[in-house]
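The following exercises are to be worked with the sequence and the coordinates at hand. Each task is followed by its solution.

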Amino acid sequence: MTDMIGTGPRSGQSREALRFALRNGKLVGGLTVVGLFLALAVAGPLVVGDDPNAYAGLPARPPSAEYWFGTTIFGQDVFAQFVHGLRSTFFVGFIAGALAAVIGMLVGFTAGYRGGIVDEILNLITNIFLVLPVLAVLLVIAAYLQVRNVELQAVIIGLFSWPWVARAIRAQTFSLRSRDFVDLARLSGASGRRIVFREIAPNMASYLFMVFIILFGGAVLFAATLDFIGLGPTEGVSLGLMLNNAVKWTALHLGLWWWFVPPGLGITAIVGALYVMNVGLDEVFNPRLRQM
Amino acid sequence: MRRYVGRKLIVYAFTFVLAVTINWLIPRFMPGDPVQSMISRAGLQTPEAAAAMREYYTSIFGFDVPVWRQYLNFWGALLSGDLGVSIWLFPQPVTDIILRAVPYTLALLIPAILLSWIAGNKFGALAARRRWLDNTLLPVSYILTSTPYMWLAILLAWSLGIIAGIFPVAGGYSFSLAPTWSWEFIGSLALHWFLPFVSLFLVFFGGWAIGMRNLIIYELEADYSHYLEALGAPRRLVRGYAFRNAMLPQLTGLALQLGVIVGGTVVTEIVFSYPGLGYLVLKAIENQDFFLLQGTFLFIVVGVLLANFVIDIVYVLVDPRTRAGMEGGSA
């Protein structure tokens, strides 16, 4: 991912950033944790089989050599559900994060670069979506959908998570718009789109990447919240759905801690690692923070 | 200042209209027949009851008049406080059910938000100047802020509620008591309130502490801080200025976080079966009670808009630039 920093002539700078990146404990640590979970999400389902909800053994067994995370009250293998749930988690995070980043960038760049009436209108729309409580909207939409799947959930979350991104990018575009190199590009007859993507966007590349990471983490938490309320995928499994089932079938009162500890721990570890990674990236990209 | 508040109010008005429109649109344009699915899921035994219900819903949705007329009727009913009748607690009006739940949610939310914001700011600012605190508080804050609300709530309910048996884990007050103004009842309320409150407080706290710590470090790097230090100003004074400047983005952050905060409260209430709006959301979904769900949605939107407005007013009071008519940081 460090190859995103510099493009073309600035490869020396990019090599320097890579050197700092490899020495940055936060970045390396966060990346390792995310990487481990990602590997588990990719490889795990191949090992445990296709059906995480299948009857696997005696119900409500504590963790053992055979069932690493124990079994649910229905005799389902918690580890199998966990690795399948990780897949949905990464999927939702990636799709929703990417979608929100793209919409936020389009709105932010357009508003910031064009200015005037276009900016007024886009800014109004952004501010409206900014104060609208996203989760409440998602609740109403998800409740009316008879069949829900992970893909749809990712798209809905992405469609409503972009406003703060648009606002931040708009502000940055404003400050870059009046720089000399942008004026030069304009004088040389470059089109607006070319100026935005060739002159302005590369100057924010590191910022955009960090925005994506934050969106990723936020989408994971959002999806887990929806799933927990009971608006998760109607087929398949996710970490939030596991928590939902554990509470619904009184795992707390029965003391089946292995049912509700792993999914929450997984989400916390992934999101926490992403945030820590982001701090590390900030230190890599921002020379003023490097000495710390 | 009038212009600043005016602009904000326009945005809030648009947001409210959008929320009501979403509420109106979704049942009409989602695939399937909502009336039919509501009737079938209500689980009525007799065909007469089902027929009566169908008639009732058709008249509520007003499918027999033109679309624009339906939309206006929807607004008319809304403005007269009519949000429909609940299926879960048939035949109680949705408005009554929600108004009963609102005090519980506010009693959780307001102390949790205010106390976590104040404590997070204090500790974050302290962490920015003490290395040992920074090394302990920061990792803890990162863990807290990435914890899903419901998971922390589940862990607290399980450890302190079920294993240790100190706190009750369900309801707003003891099932053996009737709501009265007695000390016993108030004690029961407080005991049931404590765990959901702590759960929310902790997750909120992590975010504020991280934000404040980063902002203080940023402010201490600013030119005015260096200049003051070069003049030989006491560190306390410089920190004081940095703190006041860092408060403004934190205030904006509070406004931006309100949506997430509400979501956290919903799931926390569900874990503790706490009889607030979040519990209503769960019951509405379990019982396919769309009127209740949509009514709760509107209440949440209105609540968030009001909170935003309060924050705007506070912002004007705190930031002299907005008062003087200059563009403030969050305008």
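**Exercise 1.** Among contacts in chain A between residues at least 6 apart in sequence, what percentage join residues at least 24 apart?

*Solution.* The model is predicted: local features need pLDDT of at least 70 and side-chain atom pairs pLDDT 80 or more, while totals for chains, interfaces and linings use all residues. Residues are numbered from 1 along each chain as its sequence is written, and chains are lettered from A and ligands numbered from 1 in the order in which they are written. Two residues are in contact if their C-beta atoms, placed from the backbone, lie within 7 Å. On this criterion the share is 69%.

**Exercise 2.** State how many helices and strands chain A has, and what share of its residues is buried.

*Solution.* Helices (H or I, at least four residues) and strands (E, at least two) are DSSP runs, numbered from the N terminus. Chain A has 14 helices and zero strands. A residue is buried if 20 or more other C-beta atoms lie within 10 Å of its own; 49% of the 292 residues of chain A qualify.

**Exercise 3.** Describe the side of chain B that touches chain A.

*Solution.* First, count the residues: chain B supplies 46 and chain A 41. Next, identify the elements of chain B that give two or more residues, among them α1 (2–29), α10 (235–271) and α12 (290–318). The most come from α1(B), with 10 residues. Finally, classify the residues on the chain B side: 35 are nonpolar (Ala, Val, Leu, Ile, Met, Phe, Trp, Tyr, Cys and Pro), two are charged (Asp, Glu, Lys and Arg), and nine are polar (the others, Gly among them).

Terms used:
A residue is buried if 20 or more other C-beta atoms lie within 10 Å of its own, exposed if 12 or fewer, and partly exposed in between; C-beta atoms are placed from the backbone.
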